[in-house]
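Q: Could we go through this structure together? I would like to begin with the ligand and then move on to other parts.

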Amino acid sequence: MEISSFIVMDILERAKELEAQGIDVVHMEVGEPDFPTPQKVIEAGRQALAQKATFYTQSVGIPELKEAISSYYKESYGVEVSPERIVLTPGSSPALMAALRIALESGGICGLPDPGYPCYKNMVNFLGGQWKPINVFAAQGFKVVPEQIEGIGSLVLNSPSNPTGAVYSHQELESLVRTAEAKGVTIISDEIYHGITYTQERVPSVLEFTDEALVINGFSKFFLMTGWRLGWMVVPQKMVRLMQCIAQNLFICPPAVAQKAALASFNPEVMEELRQKVSIYRKRRDYIIEALKEMEIPVDPVPQGAFYIYADISKYTKDSFSFCKRALEEAHIGITPGVDFGSNNTNLYIRFSYANTLEQLKEGMNRLKDWLNTLS
Ligand SMILES: Cc1ncc(COP(=O)(O)O)c(C=O)c1O
């Protein structure tokens, strides 16, 4: 079975070893919000525990939360998604795995954006399926275009994207959906970074254009609940029963306490608090882009979502992996090499995560600048 390491996790583990030796490391590799879960959500979790929410729940999740997510789709995107089609999962990763399995079942190769989230290919490998990279270049905004939907049975889209922060517009997403429909290609839309966006226009969900896609989302990123392990999936009506059987057998149910806690996320005050975090991310993004520009490290196009910057490091190296390893050992900064995300020019790119305080990011950029000066 071919499962490559998740390089960012290797970097993180090495960073932790250095920290254990008393070395201070600036983390710009971790793909996890630095903010804790909102207090009201924690309180709801505490209350759930006090009320002994320690048992299994429905395999597809508690009805109240499915209804809350359904209302969220209506309010945020203007789409009707019946709660029945929503399946809660222990994080979005198991939902992705189930979606990939379902998509592979309908036949063909799975198309994966390159650069893209590395776990997609490793999941397909784990499932014994076939995948092929769909190369996305800076000149096309790191986005898949309809002409690339060729020779595949399914396609993973990820908007906002990890690692590039690319966001598809309404028009772009709709034309991909229409082409996929015409060619009988199943779309898996990983929308886990929804909510963390910086565009003028509202960012569309694929659900605005089709009821036939498999849509992945969850509470890890915008909702600041990584460690609670709670995600969800929206499936076409015809797959509701199949997905229920998959959930029963593979997951039993999502965590009971996390589900009760997550209900509080939709409280308007909590939503406001979450939106404020997005303005903080935006300031950090703008800061890093400026700092990198001074080092002649271009970020083009400017990422419009998630908390990542995918930067062209070709002025300094043609080997992003060695570059990041050295940056960690010599400058004590954690950055992820582009090669973690595929093989399409990825040797020339590195990914910064700005899920860290501005103070830390400033320290990180200073260290990077000083270290680069020693190289030239
Ligand atoms: C693009 C993408 N999809 C899915 C996930 C999985 O998130 P989780 O399993 O925490 O919901 C991640 C996590 O980093 C991600 O970056």
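This is a predicted model: local features need pLDDT of at least 70, side-chain atom pairs count only at pLDDT 80 or more; totals for chains, interfaces and linings use all residues.

Q: How many residues surround the ligand, and which are the closest?

A: The ligand is surrounded by 14 residues. Ser92, Ser93, Asp190, Ser220 and Lys221 are the closest.

Q: What kinds of residues make up that shell: nonpolar, polar or charged?

A: The shell around the ligand holds six polar residues, five nonpolar ones and three charged ones.

Q: And which helix gives the most to the shell?

A: That is helix α4, which spans residues 92-105 and gives three residues to the shell.

Q: What does serine 92 do at the level of atoms, in terms of distance to the ligand?

A: Serine 92 has a polar side-chain atom 2.7 Å from an oxygen atom of the ligand. Arginine 229 also places a polar side-chain atom by a ligand oxygen atom, here at 2.8 Å. For aspartate 190, an N or O atom of the side chain is 2.6 Å from a nitrogen atom of the ligand.

Q: How much of the ligand's exposed area does the protein bury?

A: The protein buries 92% of the 400 Å² that the ligand exposes when taken alone.

Q: New topic: the nonpolar core. How many residues are in the largest one?

A: The largest nonpolar core has 96 residues. Tyr73, Phe219, Leu292, Phe352 and Leu368 have the most contacts inside it. Helix α9, residues 268-294, gives the most to this core, with nine residues.

Q: Which domains does this core draw on?

A: At least three of its residues come from each of domain 1 (7-30 + 270-375) and domain 2 (39-266). As general background, nonpolar side chains in soluble globular proteins tend to be buried together.

Q: What about isoleucine 187: buried or exposed?

A: Isoleucine 187 is buried, because its relative accessible area is 5%, and buried means under 20%. This residue lies in strand β6, residues 186-190.

Q: Let us turn to the backbone. Where are there cis peptide bonds?

A: One runs from aspartate 114 to proline 115, with omega near 5 degrees. Proline 115 sits in the loop between β3 (110-114) and α5 (119-126). Another joins asparagine 162 to proline 163, with omega near 20 degrees. Proline 163 belongs to the loop between β5 (154-158) and α6 (170-182).

Q: Why point these out?

A: Most peptide bonds are trans, and most residues other than glycine have a negative phi.

Q: What is the phi of lysine 52, then?

A: Lysine 52 has a positive phi of about 60 degrees, although it is not a glycine. This lysine is in the loop between α2 (39-50) and α3 (63-77), and at 56% relative accessibility lysine 52 counts as exposed.

Q: And histidine 332: what is its phi, and where is it found?

A: Histidine 332 has a positive phi of about 60 degrees and is not a glycine. The loop between α10 (320-331) and β10 (333-334) contains histidine 332, which counts as partly exposed at 23% relative accessibility.

Terms used. Residues are numbered from 1 along each chain as its sequence is written. Side-chain values use heavy atoms; hydrogens and water are left out. A residue is near a molecule or strand if one of its heavy atoms lies within 4 Å of it. A polar contact is a pair of N or O atoms within 3.5 Å; within protein, one must be able to donate a hydrogen and the other to accept it, and residues adjacent in sequence count only if both atoms are side-chain atoms. Accessible areas come from the Shrake-Rupley method with a 1.4 Å probe; for residues, only the protein chains shown count as cover. Helices (H or I, at least four residues) and strands (E, at least two) are DSSP runs, numbered from the N terminus. Ala, Val, Leu, Ile, Met, Phe, Trp, Tyr, Cys and Pro count as nonpolar, Asp, Glu, Lys and Arg as charged, and the others, Gly among them, as polar. A nonpolar core is a set of buried Ala, Val, Leu, Ile, Met, Phe, Trp, Tyr and Cys residues joined through side-chain atoms within 4.5 Å. Buried means under 20% relative accessible area, exposed over 50%, partly exposed in between (1.4 Å probe, protein chains only). Domain bounds come from an automatic or database domain assignment.
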